[in-house]
Structures are given as structure tokens and as C-alpha cells.
Amino acid sequence: MDLLLQLLATGIVVGSLYALCTLGWGLIYGTTLHFHVAHGAVFTLAAYYAYVGQKLLRLPLAVAALAAIVLAAVSGLLIDRLLYQPLERRGAVRTTLFIASLGLLILVENTLAIVFTPDPLRMDIGLLQRSVRLGPVFLTHLHLLTVALAVAGYAALVLFLRRTRAGQAIRAVASAPEMARTVGIDLRRVHLLTYAIGSAISAPAGILIAMDVGAEPYRGTTFVLLASVGVIMGGIGSIPGAMLGGLFLGLVENLGVWKIPSEWQSALSFGVFLVFILVRPRGFFGRHVASAEL
Amino acid sequence: MRTVWTAIVALILAGAACLAAADSAPIKIGAILPLTGSGASYGVWMKGGAEIAAEEINAAGGIAGRKLEIIFDDHAADASKAVNAMRRLVEVEKVPFTLTSYSAPTLAIQPIGAQHKVVMMNGGGQSDNLANKDYLYNNIPVVSNEVGVMADWLAHDKKLHSAVLITANDEAGRNSAKTFRDKYAAAGGRVVGEEQVTLDGTDFRAQLAKVKAAGGELLYISSYGRNVSIIADQARELGIAIPMAGTSWTLVPETFKAPGAEGMLVTKLPFDPELPFAKKFKAKYGVDAGFFAVQYYSGTKIFARAAEEAMKKNGGRLDGEGVKQAIESVKVFDTISGKLVFQPNHAAIMDIEAGVLRGGKVQVEKVIKAGH
């Protein structure tokens, strides 16, 4: 029983990291229909921005983390501005964008590996490293912060999309881009905003995991893959779906090893996904998967 | 006619120049090491040790007057990278000898070395499967010796009779775990749980939660490199309070620094930090030397000694076959850590020390003499 509770707690923590990634990727995919795998690069860059801020520029941890989030948002925005928009202007199809995105992801990962070595770079997180005991469950302060930030990130995103004009513009573009254009919404500006916000939402996941186990160059690929799985499971275009999809993946990965040997851990989420997509192709809340094109 | 003669003379001169060049050309050997990845800390030691040995050999006039040059390659714990490096060393550089490291990479290159008659000297990998292999010599004991001592010490001296295992999912990790199971059972202990981890992973909490739930009085870490410090720290974070244990390969700088590894029960192979070599290493690379630095220093020196012997015997010609015969005939090599004797299984035997990791140092409690 203790084991189950511990796995449940770890699952929620890991799920929160996935959820942050899924929310950002889902917002971007739902709005732009770009299969933005370079989101993994933004996620990874955020970790290295924070690392450079704290360890090389000697900034306080919180300042380094905040600066990293801002830089990640700018990075996401620049990817759209300098890569996707020029390609779209030349009439590139979505597959071309996807390949360009994949190329960028690989380029960024390899560059980081060359500059910073492929080894994980540890940060100093002081008291956040401390373990706390909640009954039979052990977590660190950082883990509690992770869950809190995922909830806060979700709430902030929902409020932003519902309550602000910019948020409403994003929702309008997501649900009916042509209609949005006819009522005078500038699609390109909305896309840029979406990239900035989507990147800023996912950046904390990259930073938090770097704070926990170190910044690594190739982690983004796994995360963006999981994010896309989470979005499809949650239902494309649904923000609550993305949140749930991310959490669900973290829980499956951790609760799954309760009775199954742990080397199956990473195969589990994809196995469950395959079953899920066959049984419930709409995801938890979303549009039909078959209607979502790459 | 005259032009023909000139051409012939020129050819003879060129040929002689070539021969002379061959005689004084540097002797190239390989070194396939974990320079990046989870075992990069071993790589710093291994490369540094070999470099210092080569410098000393060259400063003393080289091997039979020829300079020694080491070509370093990175396997990053990946057997396929090791194979690529070995192919390059064998086919392009035509080396007679290479230093090698890690169990899976070494087992992967061994058939290539045996086929092309290139001697491989492993000073780091410890899988039992590395013994009794053609052209492969291990100037390190295979793991069963050390794990045997560990299992006895834990069961008899430390009175710890049940264990859970965290095992690296590779040749070295699995072999060490298997040997531990056998030897620990023979010593009266019982393994009550085991989980596998990847060597390059960074989050082992799910596996640790499982072994925690399995119970046991002891956590045996059958993994190595950076992994060990992460496992130790995350185990403590999850409230795993039982003692942890590991063999000499767990002793890398990361482990010494990890708060979670404090009090870890370890076996180690002899290393004297007061050796002049250790001082030289620290001065040159700015990091403390360790056992594996000495291993690759010694491996390089063993090659120099064997190569000299081989060249003496074969009229100055140097090839892998000659080096192999020289190793077999010399058999006992003087090293900075004492006499090294290659056993019939192509592995060395050494004293094995058992002790507790405290404050970044191992406090030795027991020494088991080589071969006992």
C-alpha cells in the first residue's frame, strides 16, 4: 500500500511535468496546427538558460529561472517568426514544416551536446532538495513546487484564454481560422503570441527537471513525443484535456510499475496510448483524431 | 640508360628513407575509453593515466628508440561506438595494441582484435565474461573475486542477511548482480528484490520505491559511474534508510561527493593516493587521481615492456602477435602498485579491501589478500 501511494505521488509529480509540456504543445498545435516538435528544443533550451544563468552568470536561482522562461518564450516566438512563417509564405505544406521543425530540434540538441557535453549539468537548488514526509510518501520540496506550478500554469492559461482579448483571439483562431481572419484578426500575430505563451508554459517543466536531475541535451525529444501523445489522448484543442493527458501519462508510467518490472516503464505510456487511440480516438474531450491532420 | 640508373638509385634511396622512417616512426596504440556519458569521470582518470605513462616512456627515450603515440577514442559506454573505434584503429591506424574499458564495449571489440591479432588490455571492465578471451588481457580482477569478498563481508561481518538490488541494465551490471546473487546465497544471504535501471538514466525513483517496498536489510548497487550517486541520493530522498553497498567501480568523484552515499559499504582495489604518480596527476589535471588512473598508467607501461620484449625477439619488428607472446612469456610485470601477474584466465588478481565511505574517503576495515 505504501508503495502504491509513493508511486501515485511520484506519478503526480512526473505527470505535472508532462502536463506543463502538454499544455504548451497542445496550445500551439491546437491553434496553429503546426506539429511543432522543436518545442522539445525550447523545453531543453529553457533548462540550459537557467543553468547558464545560475552557474555561469551567478544569478540567484529564482532570477535565473524567470529569465529562462522569458528567453524560452522569445525562442519559441523566433522559431515561428524566422522558420515557420517564411516557409508558410512560400506555400510549404505541413509536412515540410514538420521536417523543418524536426531538423531544428536535432540541430539544437546536438549543438547543446557539443557546447555543454552530453552529461547532465546539475544546478544548486538548496532547500528545494530537502525531502518531506507525508505519511508513507517521500517527496522533495521541488516536487511539491512542481505540482503547484503545473496547477498554477493551467489556471493562468485558462484565465488568459477566457478573460483577455488576446486569449479570445487565440481561441478564435484555434476554432475557426478563416472566420477569425474575416473579422480582422491578424493570424500571424496570433501565432507569434501563441508560440510565446505555449513556450513560456512549458519552459518551467524543462527548468524544474533540470533542477531535479540536471540539464541534458536530448531530453526534449522524449518530452515532446509524450506531449503529443498527451494532447491526442486529452483531445486536440482541449486545454483541460491536455492537462489531464499529461497527468495521465505520468501516472501510467509510475503506477504501471506497481506490478510490472520497471524496465517496462517507458514502453508503458506508449502501449497505453496505442490501446487508447484505438478504443477512444477522440481523446478525453476533443475533436476526432482522424480529423486532425499533421 | 642514364635516366634508368638515376631512377633506380632514386628508388633505392626512397626505399631506404621509408625503412628508416618506419624504424623511427612513432608506435601508435589505441585507447577506447568512456570519455563522455555517465562514465566520463572514469574517462578523465583513464586518459590521464595513459597520457602520463606515454609522456614518461617518451621522456625516457621511447620504446626501442621509437616514440609512443596514443590514439584516444570515446565509446560513451556504447558497444557499437567501441566497434567503430576499433575498426578504425585496426584498419586505418593498424595498431598492434589498444587499451580498452567497460565490459560490453570490450566484449564487442574482442572478436575484431582476435581476428586481426591486436592485443587488447582492459583495465576497467570487470564482467566475468571478459576472462579467457583470445588477445584480451585484463590488468584488473574480474568481478566475481570482488563480489565474493563483498558478499562474505556483508553476510558474516556486517550481519546483513537480506538484500535488494538495483542493477544497471548492461553486461557489467547484470553480470555483477548475477555473481552477487550466487555468492551472497553461498554466504547465507537472500536477495528479496531487484530492479533494473538504465546507465544513462537520471530518475530512478520508481525503481527505488519498488525495492523499498520489497524490504531487505541492504541495498546492493550493481551499477557504476554517475548512476551510483543519483541512486544513492534518490534512495535517501525516498526514505530508504538501510545500508547501501557497491564494489570498486562505484567509487567515482560523483559518489564521493554525494550526501546519500555517506556510510556506503564498499569493496575497493588497492590505490595509494601518496604515490608520486597521484601527485603528478593532480598537478597536471587538477583532479585527484583514482584507482582507474593507475590502471591505465600501468596498462600503457605493460604494453611498453611487452613491446620492447617483442621487438628484441623479432629483430625490431612489432606486431600484435609478438606483443601477445611477450605478455605470455613475461607474465609478471612490475607496476607502481606492485607486481602484476596475469592468471591463466588472462585476468589479474589483487588485494581486495572492504570498508565504509565516510567524508569522501574509504575507511578500510578489512583487507583480503590476492587469491584468497
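So, let's start with α1(A) and helix α10, which is residues 239-255 of chain A: they pack at an angle of about 145°, with their axes 6 Å apart. The axes here are lines fitted to C-alpha atoms, for helices over the stretch in contact, and the angles run from 0 to 180 degrees between N-to-C directions. Helices, by the way, are DSSP runs of H or I with at least four residues, strands are runs of E with at least two, and both are numbered from the N terminus.

The crossing of α1(A) and α10(A) is right-handed. For handedness, picture the near helix turned from the far one by less than a right angle: anticlockwise is left-handed, clockwise is right-handed. By class, the contact of α1(A) with α10(A) has 17 nonpolar residues, 10 polar and one charged. Contact means that the C-beta atoms of two residues, placed from the backbone, lie within 7 Å. As for the classes, Ala, Val, Leu, Ile, Met, Phe, Trp, Tyr, Cys and Pro count as nonpolar, Asp, Glu, Lys and Arg as charged, and the others, Gly among them, as polar.

Quick housekeeping. This is a predicted model, where local features need pLDDT of at least 70 and side-chain atom pairs count only at pLDDT 80 or more, while totals for chains, interfaces and linings use all residues. Residues are numbered from 1 along each chain as its sequence is written, and chains are lettered from A and ligands numbered from 1 in the order in which they are written.

Back to α1(A), which has another partner. Its axis and that of helix α9, residues 219-234 of chain A, come within 8 Å and cross at roughly 70°. That makes α1(A) and α9(A) roughly perpendicular; the cut-offs are under 35 degrees for roughly parallel, over 145 for roughly antiparallel, 65 to 115 for roughly perpendicular, and oblique for the rest. If you want to find the contact on screen, look on the α1(A) side for residues including Tyr18(A), Trp25(A) and Tyr29(A), and on the α9(A) side for residues including Phe223(A), Leu226(A) and Val231(A). This contact has nine nonpolar residues, five polar and no charged ones.

Next pair: helix α2, residues 39-56, and helix α4, residues 94-116, both in chain A. Their axes are 8 Å apart, and the angle is about 25°, so α2(A) and α4(A) are roughly parallel to each other. The crossing of these two is left-handed. From α2(A) we have Gly40(A), Ala41(A), Thr44(A), Leu45(A) and Tyr48(A), and they meet α4(A) residues including Leu104(A), Val108(A), Glu109(A) and Phe116(A). By class, that contact comes out as eight nonpolar, two polar and one charged.

Now zoom out to the whole of chain A. There are 11 helices and two strands. The radius of gyration is 19 Å, close to the 19 Å that the globule rule gives for 294 residues, so chain A is as compact as a globular protein of that length. That radius is taken over C-alpha atoms, and the rule is 2.2 Å times the number of residues to the power 0.38. The C-alpha atoms of chain A fill a box of roughly 55 × 50 × 35 Å along the principal axes. Of its 294 residues, 49% count as buried. Buried means 20 or more other C-beta atoms within 10 Å of a residue's own, exposed means 12 or fewer, and partly exposed is in between, with C-beta atoms placed from the backbone.

Over to chain B, which has 12 helices and 14 strands. Its C-alpha box is roughly 95 × 40 × 35 Å along the principal axes, and 54% of its 372 residues count as buried.

Most residues other than glycine have a negative phi. Lys331(B), though, has a positive one, near 65°, and sits in the loop between α12 and β11 of chain B. His346(B) has a phi near 70°, positive too, and is in the loop between β12 and β13 of chain B. Which of them is buried and which exposed? Lys331(B) is exposed, with 11 other C-beta atoms within 10 Å, whereas His346(B) is buried, with 21.

Last thing: how do the chains meet? 21 residues of chain A are in contact with 17 residues of chain B. On the chain A side, α1(A) gives the most, with five residues. That side divides into seven nonpolar, nine polar and five charged residues.
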